[in-house]
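I opened this entry to record what I looked up in the structure. The sequence and the model are placed below for reference.

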Amino acid sequence: MQSAITTTGLRRSFGSKDALRGVDLAVPAGSIFGFLGPNGAGKTTTIRLLLGLLRPSGGRIAILGLPMPARRLEIARSIGALVETPALYDHLTGRENLEITRLLLGLPRSAIAPALDLVDLGFAAHQRLGGYSLGMRQRLALARALLGAPRLLILDEPTNGLDPDGIRDLRGLIRRLAADHGTTVFVSSHQLAEVQQIATHVGLMCDGRLLAQGPLGEVLAGAGPRVDIAVERADAAARALAARGWTVEQAGGRLLVDLAGGNAPDILELLVAQGFRVAELRRSVPTLEELYVRLTAASTGQRRAA
Amino acid sequence: MLALLRAETLKLHRSLALLLCFAAPACVAAFAALALATAPGAKTWDRRLDEGLAMWSFFMLPMAVTALTILVAQIEHGPRMWNHLLVLPVRRSRLFMAKTMVVAGLLIAMQFQVYAGLYLAGWLVEAILPSHHLNGPMQARDMAVGLAAMGIGALAMLIVQLWAALRFRSFVIPLVIGIVGTFAALVITASGSDVYLPWLLPVYATMWPRPSGQYGVVLGLTGGLVALAAMLIDLGRREHP
């Protein structure tokens with residue numbers, strides 16, 4: 001599959017602080033790529049580099065096959081972007097806000113109405129932005145990013161400030177763009193569960209490094225299978241398993257045990273032999289959030305050891 | 001470039017920047033009318049017009065340019081609009097050039113309004129207070145030439161102020177530059193020194209075609225073009241973290 005975005009050894013420093021420490025990103029064309037990580041992980045810096053707002057300290061960027069920032073103008077014609085909070089002119093109407101971008105993109109006047117319809121804002125087109133809710137502002141900024149039908153849409157924390165209905169609508173819109181128009185959507189977020197619902201691919205960032213990336217299923221499967229156990233005296237059972245070398249996490253009254261190098265019947269046999277009554281045992285795939293916690297803990301542990 | 005100019009003009013709709021462009025010249029006209037209505041003794045058109053021009057060139061124009069450039073820049077700084085504008089497929093130099101041209105257009109509009117405002121103020125006072133009749137020729141041509149020269153002489157100041165306003169997100173820095181420049185110009189004039197500050201060039205330019213007027217026009221124009229080139233290079237290369 002052709003890449004929409006490729007970075008090789010991408011680095012960026014601000015003074016003595018390394019914001020990105022060699023990021024190799026590969027975003028397939030047509031994918032919905034969830035770019036995940038906590039605040040300060042380097043997501044926004046990466047996006048600013050991809051858009052040419054910052055210059056890299058090292059490494060290379062290619063967007064839609066063209067080098068950035070050398071071919072910025074050509075690349076920019078195929079990109080729509082929404083960076084952080086929606087930047088809009090409050091003293092103008094919704095339509096006037098889009099009109100400014102339309103003029104700068106050299107698009108026909110007729111390009112505005114479909115963009116407004118796509119985000120259901122046709123009814124408020126002639127209202128000044130003072131009367132817009134945060135959700136409406138976010139949708140207007142999205143409509144502006146969609147002007148000119150970009151091949152690549154880069155969204156930085158697009159659900160910030162949206163209510164549950166707004167988040168659901170945005171999810172639907174992103175799915176439609178990818179499915180109906182073949183748009184590649186690169187969406188950064190710190191809300192892992194939210195992105196898990198729409199992403200076809202993910203990249204997990206922490207402390208300026210890309211910890212994992214790839215198709216969502218493969219990334220989750222790569223984390224290794226686990227068993228989810230409901231057992232009486234969970235604390236004691238966890239200690240017993242840990243004493244035999246199993247990696248155990250406790251979640252409420254349940255145990256999550258990594259199966260790396262072992263299998264579920266071994267665990268069941270051990271617990272029963274030690275007198276624990278097991279109510280339920282099933283294999284489970286970790287959620288993005290669980291995987292992320294595991295990867296960041298490992299990354300932090302490696303740094304401390306170093 | 002035409003599309004960029006249209007976009008920049010659209011941004012001014014309902015903006016404070018546009019309001020200022022009407023308010024500042026109107027203030028000069030109002031002050032001129034007040035001075036005419038209250039000043040004792042015989043009055044002539046050339047004397048009153050010179051007073052109006054002095055008020056505009058020494059104080060109101062530099063302060064209006066300071067405020068105007070800040071308000072225009074804050075249209076982008078306020079909502080952090082650079083994140084959006086600078087990722088569009090438009091050369092940054094063209095983007096900033098269009099903004100400069102629109103601000104220069106607003107300066108020309110203010111000069112026209114001062115021209116019209118000073119005459120209107122004279123006629124209005126004559127109509128309300130017939131005893132305050134203005135004598136002598138109306139100097140319409142000299143007045144137009146003086147305001148045109150002043151506008152050209154103000155270019156260096158305009159670009160320096162616009163550069164500072166676009167360069168810094170906070171309005172305090174360009175405001176301080178404008179206030180310091182305006183008052184430094186007043187002090188230099190009072191001391192009789194031959195120092196050519198950008199904020200003083202419009203004052204000199206009104207003396208066109210005398211040599212100091214020519215200095216004002218030529219330095220204002222060349223200084224403005226040099227400052228414009230430096231501004232376009234600086235803002236075009238700047239990162240936006």
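I began with H181(A), which is partly exposed because 14 other C-beta atoms lie within 10 Å. For burial I used C-beta atoms placed from the backbone: 20 or more others within 10 Å of a residue's own make it buried, 12 or fewer exposed, and anything in between partly exposed. The model is a predicted one, in which local features need pLDDT of at least 70, side-chain atom pairs count only at pLDDT 80 or more, and totals for chains, interfaces and linings use all residues. Residues are numbered from 1 along each chain as its sequence is written, while chains are lettered from A and ligands numbered from 1 in the order in which they are written.

H181(A) belongs to helix α6 (residues 164-181) of chain A. I took helices (H or I, at least four residues) and strands (E, at least two) as DSSP runs, numbered from the N terminus. Between the C-alpha atoms of H181(A) and R151(A), which are 30 residues apart along the chain, I found a separation of 8.5 Å.

I next turned to A87(A), in the loop between β7 and α3 of chain A. A87(A) counts as buried, with 20 C-beta neighbours inside 10 Å. R137(A) is 50 residues from A87(A) in sequence, yet their C-alpha atoms are 8.8 Å apart. Leaving aside residues up to four places away in sequence, A87(A) touches P79(B), R80(B), M81(B), N83(B) and H84(B); a contact requires C-beta atoms, placed from the backbone, within 7 Å.

**The contact between the chains**

I then examined the contact as a whole, to which chain B gives 23 residues and chain A gives 26 residues. On the side of chain B that touches chain A, α1 (2-11) and α4 (82-85) of chain B each supply at least two residues. The most comes from α1(B), with 6 residues.

Which residues of α1(B) are buried? I noted L4(B), A7(B), E8(B) and K11(B). Seen down the axis of α1(B), these fall within an arc of 95°, so they line one face of the helix; the arc is that of the directions from the helix axis to the C-beta atoms. Their cover includes α3 (94-105) of chain A, together with α3 (45-77) and α5 (92-128) of chain B.

**The sheet of chain A**

Chain A has 11 helices and 15 strands, and 41% of its 306 residues are buried. I traced an open sheet of 6 strands in the order β7-β8-β9-β4-β10-β11 (chain A), with mixed pairing; two strands pair if DSSP finds at least two bridges between them. At the edges stand β7 (79-82) and β11 (209-215) of chain A, each with a single partner strand, so one side of each has no neighbour in the sheet.

Strand β10 (residues 201-206) of chain A pairs with β11(A) in the antiparallel sense over 6 bridges. Within β11(A), A212(A) is the bridge partner of L204(A).

Helix α1 (residues 43-51) of chain A lies across β4 (32-36), β7, β8 (152-156), β9 (184-189) and β10 of chain A, at about 145° to β8(A). I also recorded that helix α5 (residues 134-146) of chain A packs on the sheet, touching β7 and β8 of chain A, and makes about 160° with the direction of β7(A). Axes are lines fitted to C-alpha atoms, for helices over the stretch in contact, and angles run from 0 to 180 degrees between N-to-C directions.

Technical notes: Two residues are in contact if their C-beta atoms, placed from the backbone, lie within 7 Å.
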